[in-house]
Amino acid sequence: TFVAGDRKVVSFQLARAVKVFISAKAAGSDIVFRKNAELWQNGVKKYTVHVSNGELVPPGTYTVVIPDDLMPYEQPNVTVANRNDQRIDITVPVGFVMFIYQKADGTQDRAIDRVFLSRGIGNQRIFRRAFEETPLLPGSYTVTGWSQRGYSGSVSFDIAVGERKHVVLSK
């Protein structure tokens, strides 16, 4: 408490904060996952680290979470050191799939550029591009063609780390 005429010294103990930037990249490629990351401790989300602007966080050990509806990724035991700033580079272990639309005559149908990908029960269908390598975490997936263009079938497939494969959708 202060009263008129008091002279007191007030000392603040400020917590150390480190400006953290996190970049997540698909292993074996130059593909960067442009998503905000999360820092978790003891099962509790502590901070969201903006993909471009970073975030000020106290030094410590965290689990980095790259949230994604289709393939969330966690990197445990990441240390934020006691310094001014830190860049954390995460390499995500993936396989690569290229989705190909094929006409009845066997030629590719490049007029269609989208597929709908899901993983497991209850996952929503996530839009991805056809005819481009798509990085995916290892596991089982189902791809569905664009029904408005006559490709209504689905194909289930598995992908492993480091694997590259084509998945063909036919009329």
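Predicted model: local features only at pLDDT ≥ 70, side-chain atom pairs only at ≥ 80, totals over all residues.
User: Let's start with threonine 144. Where does it lie?

Analyst: Threonine 144 belongs to strand β13, which covers residues 139-144.

User: Is it buried or exposed?

Analyst: Threonine 144 is buried, because its relative accessible area is 12% and the cut-off for buried is under 20%.

User: And what does its side chain make a polar contact with?

Analyst: The partner is the side chain of serine 154, at 2.9 Å.

User: Which other residues is threonine 144 in contact with, leaving aside neighbours within four places in sequence?

Analyst: Besides Ser154, the contacts of threonine 144 are Val115, Phe116, Arg125, Ser152 and Gly153.

User: Changing topic: where is aspartate 109?

Analyst: Aspartate 109 sits in the loop that runs between β9 (95-102) and β10 (114-118).

User: What does it touch, not counting residues up to four places away in sequence?

Analyst: Aspartate 109 touches Tyr101, Gln102, Lys103, Phe131 and Tyr151.

User: How many Å separate the C-alpha atoms of aspartate 109 and tyrosine 73?

Analyst: Those C-alpha atoms are 33 Å apart, and the two residues are 36 residues apart along the chain.

User: Now the surface. Which residues form a nonpolar patch there?

Analyst: The patch is formed by Phe2, Val10, Phe12 and Leu14, which together have about 530 Å² of accessible area.

User: Take phenylalanine 2. Where does it lie, and is it buried or exposed?

Analyst: Phenylalanine 2 is in the segment before β1 (18-26). Phenylalanine 2 is exposed, because its relative accessible area is 53% and exposed means over 50%.

Key: Residues numbered from 1 in each chain as written. Heavy atoms only, no water. Helix = DSSP H or I, 4+ residues; strand = E, 2+ residues; numbered from the N terminus. Buried < 20%, exposed > 50% of the residue type's maximum accessible area, 1.4 Å probe, protein only. Polar contact = N/O pair within 3.5 Å; in protein donor to acceptor, adjacent residues only side chain to side chain. Contact = heavy atoms within 4.5 Å. Patch = residues over 30% accessible without salt bridge, like charges linked within 9 Å, V, L, I, M, F, W, Y side chains within 5 Å. Areas by Shrake-Rupley, 256 points an atom, 1.4 Å probe, with all protein chains shown as cover. Salt bridge = Lys/Arg side-chain N within 4 Å of Asp/Glu carboxyl O.
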